[in-house]
Structure formats: C-alpha cells, structure tokens
Amino acid sequence: TGGHTTEILRLLSCLPESYSPRHYIFADSDKMSEAKIRSFEQKRSERFSNSQFTLDRVPRSREVGQSWTSSVVTTLYSILYSLPLTYKLKPDLILCNGPGTCVPVCISALLLGLLRIKRAIIVYVESICRVETLSLSGKILYYFSDYFIVQWPDLKEKYPKSVYLGRIV
Amino acid sequence: FRFKDSLAEDLRRADLVISHAGAGSCLETLEKGKPLIVVTNEKLMNNHQLELAKQLHRDGHVLCCNCSTLVETLQSMDLSTLKPFPPGQPEKFALFLDKVVGFQ
C-alpha cells in the first residue's frame, strides 16, 4: 500500500537485472500501487531490454486497528489465498517492507520451505518511518526472516540480530 | 485542493512548507531541499507517526510545533538553522543483497 510501495520501488531502483523476473504482490484494496509499479517497470524496461514482471493481488490480511480476533480470521484467509500463489511463483528471494500483505506470503514461503518444496530467502526491510519501534509485521518477521534490515540506529540496538545500513530509501 | 496525484510541482515552487507529520510529506519535502515546519497533533496521531518527525527534528532537519504555537513559530523562526537532508542510499542495499544471494 501507498508508502510501502514507494519505499520498495526505491529499494529496487539500484538492483541489476539479475533480479528478474519480479513478482509484485499487493492488497486487493490498494488502488494506487499498480500505477506506481507499472510506471517504475516502464522506466526500467527502457534501460534493460528483457525486463519481466508480474502483478498479483491478495486479500488484505488486516486493517490498521482491526481487533485481534478478527485479525486472526482475516490473516488465516490471506494465508490460504497466498499459499497457492507462492507455490505457483516459487520465489528464490522475497523482499518485503511491512504491509500486512507480506506476512501471509512469508508464512506461505516458510511452509513451502519446511515441506522441502522451495526454500526462499526472506529479506525484510523495516520502513524508514520506524525509528524507535517496529511495525507489527516487523515484530513477527524479525524471528522468521533470513535478513532483517532497519534504517535507524535505535532499532539496531533494540534488535541486535537486525542489519543496519543507514537510510536506504 | 483536496487530493492531487502529485505535489511535486507545488513543492518545486514553494519557499516554505508547513505540513503534518506524515512520512511521505516530510521526506518528499526534505528531498526537494525545502524548509519544513512539521505541525504535530499528539491527540490525533498514533504514536508511530511521531517517531519520524521527532527524529528529523532531533537531527535538525525540520522545525516542529503544534497548532497553537504555529504563529509564534512562524514569527520567530530562523530557517538557516535547518540542516540539509542527505538522500537515502539504495546502492548500499543493492550491494548487501548481491552478497546475500551470491551475485557478488
């Protein structure tokens, strides 16, 4: 959604074309991300000739402030939806930065890894907005990601297993 | 205006920006090198939105005030005390990721 999309596109801006094909997953309720992604990929295809990408929408797992009990239900539903999608895509690398959308996808990827179907590297980059505290997605994926990147030194101190590269967006 | 697709043009022409503490607004303004006054309303905002505004203020990149002190801030502000905001470095992320996946 919104700010997350802008941030993730900035993260992608310096990646070489070896990171291809790119599969974007975002919430079905998100109206603006598709346009931003297409614009980014359009500019990219002007630089790299064989640029490939796909877009997929998933049900939003949780609205901000949604109650715990209903969040469990909607997240489970999102996982059920994300599992076949992740199985189809079989990503080598998952890059996410915090929207609720990413947790079910990462859980699906972890399951596929456990079942020895496909092992993906999960890289989580916490949003630049998070200076002192982690987002809920961050708190969960801190334990389940392979690499957890934070953008402010306070968080590096609080979460020692994280990676601090300074501001990267 | 209520909603625009992009504020880039307005930002380009502005000499001073007064904004709420939304991350997108703050960062977009600072990246364009415009002086920024962030108006915070602690009652309305959830805590995490304040984190970035507070940090930017601590680092000397923005002036902060609330609605009731805005006029006073505008009258007494010294914009030359604001420090320039260096851009983020996605190249560092690319280097890191290359090592992680073995593309070195």
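Reply: In chain B, 45% of the contacts with a separation of 6 or more are between residues 24 or more positions apart; a contact here means heavy atoms within 4.5 Å. Keep in mind that this is a predicted model, where local features need pLDDT of at least 70 and side-chain atom pairs count only at pLDDT 80 or more, while totals for chains, interfaces and linings use all residues. As for bookkeeping, residues are numbered from 1 along each chain as its sequence is written, chains are lettered from A and ligands numbered from 1 in the order in which they are written, and side-chain values use heavy atoms, with hydrogens and water left out.

Chain B is built from five helices and three strands, in the order α-β-α-β-α-β-α-α from the N terminus. Both kinds are DSSP runs numbered from the N terminus: helices are H or I with at least four residues, strands are E with at least two. The radius of gyration of chain B is 17 Å, while a compact globule of 104 residues would be near 13 Å. That value is taken over C-alpha atoms, and the globule rule is 2.2 Å times the number of residues to the power 0.38. Along the principal axes, the C-alpha atoms fill a box of roughly 55 × 30 × 30 Å.

Now to where chain B meets chain A. Chain B brings 26 residues to the contact and chain A brings 27. Together they bury about 2400 Å², 67% of it on carbon and sulfur atoms; buried area is the accessible area (1.4 Å probe) that two parts lose on being put together, summed over both. On the chain B side, E51(B), F93(B) and F96(B) lose the most area, together 26% of what that side buries.

Two salt bridges join the chains, each a side-chain nitrogen of Lys or Arg within 4 Å of a carboxyl oxygen of Asp or Glu. E31(B) and R10(A) pair up in a salt bridge at 2.7 Å, N to O. The elements of chain B giving two or more residues to this side are α2 (23-31), α3 (47-58) and α5 (90-101), and α5(B) gives the most, with 10 residues. By class, this side has 14 nonpolar, four polar and eight charged residues. Ala, Val, Leu, Ile, Met, Phe, Trp, Tyr, Cys and Pro count as nonpolar, Asp, Glu, Lys and Arg as charged, and the others, Gly among them, as polar.
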